[in-house]
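Reader: Please take me through one part of this model in a close look, strand by strand and contact by contact. I would like the surroundings first and then the part itself.

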Amino acid sequence: MQVQVVDYQAADAPQQFTQSLRETGFGVLINHPISQARVAAIYANWQAFFNSNTKQQYSYNPSTYDGFFSTAHAEAAKGSKIADLKEYYHVYPWGRIPPELKDEILEYYRSTSALAAELLAWVEEYSPAEVKANYSEPLPNMIKDTPNTLLRVLHYPPLTSEQFAGMKDNAIRAAAHEDINLLTILPAANEPGLQVKDRQGNWLDVPNDFGSLIINIGDMLQEASNGYYPSTSHRVVNPQGADMSKSRISLPLFLHPRSEVKLSERYTQASYLQERLAELEDKED
Ligand SMILES: O=C(O)CCC(=O)C(=O)O
Ligand SMILES: [Fe+2]
């Protein structure tokens, strides 16, 4: 089963899309309402930010996690001690955002969160009755007025850059991992590399035509649906040859419920996140 590319405006879009999520953890939408020109502008404006020294003034706040994470502070995936070849900026509406980038990125944050609520309604509609019965509240409700949804602007610098000397043979742009959150909305990046692992353990390229929107299930939705919607492993592989000198920008929106929302009998959003972040920190010892 491949990740399906679904026309958002087709009559059977909700069914096709949720079937792809169910079978692969991923689905791709075309003809969706997120402006391609807006995404292209965001990529260009944040590329300029990452190329500048201004980013050093926005070093992330270690208690709230908003701001800039340099390659030295970039996370390593769960179970891996080798850091990924990336740097990134965590955007929250309540957090610090460079003023020249603020209006554009917050407009994107809000419009994509609104689309996400619609996609969560699709996910709910196509959940079997016994799965639906366990949702503690309607899925779109879980993200209503949430302060926890995270927009990560990711920059994967050229592999030829100085900072990666001696590293790039062992590390990749993003090691295999699963997302922690409910659902992730990711516009196709400006360069390829994203792959998902299928049930047989093969790595498949995720369709990434510029302008399409990639959506994947995170661990919180897997937990809330008792495994009906799988959170699948994905990674970003390194480019080869001449493409090694190119940057890659991507823009995942990680949808998080409000802190008190019950995911399951075992977890709220807050207790689940705390457990996962503790696992990530353990690894740094
Ligand atoms: O850069 C990408 O295409 C994917 C990034 C990703 O999977 C993540 O940050 O969780
Ligand atoms: Fe991810």
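Author: Y65 counts as partly exposed because it has 13 C-beta neighbours inside 10 Å (20 or more other C-beta atoms within 10 Å make a residue buried, 12 or fewer exposed, and anything in between partly exposed, with C-beta atoms placed from the backbone). This is a predicted model, in which local features need pLDDT of at least 70 and side-chain atom pairs count only at pLDDT 80 or more, while totals for chains, interfaces and linings use all residues. Residues are numbered from 1 along each chain as its sequence is written, and chains are lettered from A and ligands numbered from 1 in the order in which they are written.

Y65 sits in the loop between α2 (36-51) and β3 (67-69) (helices, H or I with at least four residues, and strands, E with at least two, are DSSP runs numbered from the N terminus). Most residues other than glycine have a negative phi. Y65, although not a glycine, has a positive phi of about 65 degrees. D145 is not a glycine either, and its phi is positive at about 55 degrees. D145 belongs to the loop between α5 (139-142) and β5, and it counts as exposed because it has 6 C-beta neighbours inside 10 Å.

Strand β8 covers residues 194-197 and is joined to β9 by three bridges, the two strands running antiparallel. On this side, Q195 has D205 as its bridge partner in β9, and V196 stands opposite L204. β8 and β9 make up a hairpin with five residues between them, and G201 in that turn has a positive phi of about 90 degrees. Three bridges also join β8 to β11, again antiparallel, and here the bridge partner of Q195 is R235. In a regular strand the side chains alternate between the two faces of the sheet. In β8, L194 and V196 make up the covered face, while Q195 and K197 make up the uncovered one.

V236 is buried, because 25 other C-beta atoms lie within 10 Å. Its contacts, leaving aside neighbours within four places in sequence, are Y156, I172, R173, A174, G193 and L194 (two residues are in contact if their C-beta atoms, placed from the backbone, lie within 7 Å). V236 and Q200 are 36 residues apart along the chain, and their C-alpha atoms are separated by 19 Å.

Which residues lie around ligand 1? They are R152, L154, A174, D179, L186, A189, L194, H234, V236, S250 and P252 (near means that the C-beta atom, placed from the backbone, lies within 6 Å of the molecule or strand). The elements giving two or more residues to this shell are β5 (150-156) and β11 (234-236). Seven residues of the shell are nonpolar, two are polar and two are charged (Ala, Val, Leu, Ile, Met, Phe, Trp, Tyr, Cys and Pro count as nonpolar, Asp, Glu, Lys and Arg as charged, and the others, Gly among them, as polar).

K246 counts as partly exposed because it has 14 C-beta neighbours inside 10 Å. Not counting residues up to four places away in sequence, K246 touches P158, E191 and P239. From K246 to S231 there are 15 residues in sequence and 30 Å in space, C-alpha to C-alpha.

The axes of α1 (residues 13-24) and α3 (residues 99-125) come within 9 Å and cross at roughly 80 degrees. The two helices are therefore roughly perpendicular to each other (under 35 degrees counts as roughly parallel, over 145 as roughly antiparallel, 65 to 115 as roughly perpendicular and the rest as oblique). P14, F17, T18 and L21 in α1 meet W122, V123 and E125 in α3. By class, the residues of this contact are five nonpolar, one polar and one charged.

Methods
Axes fitted to C-alpha atoms, helices over the stretch in contact; angles between N-to-C directions. Pairing = 2+ DSSP bridges.
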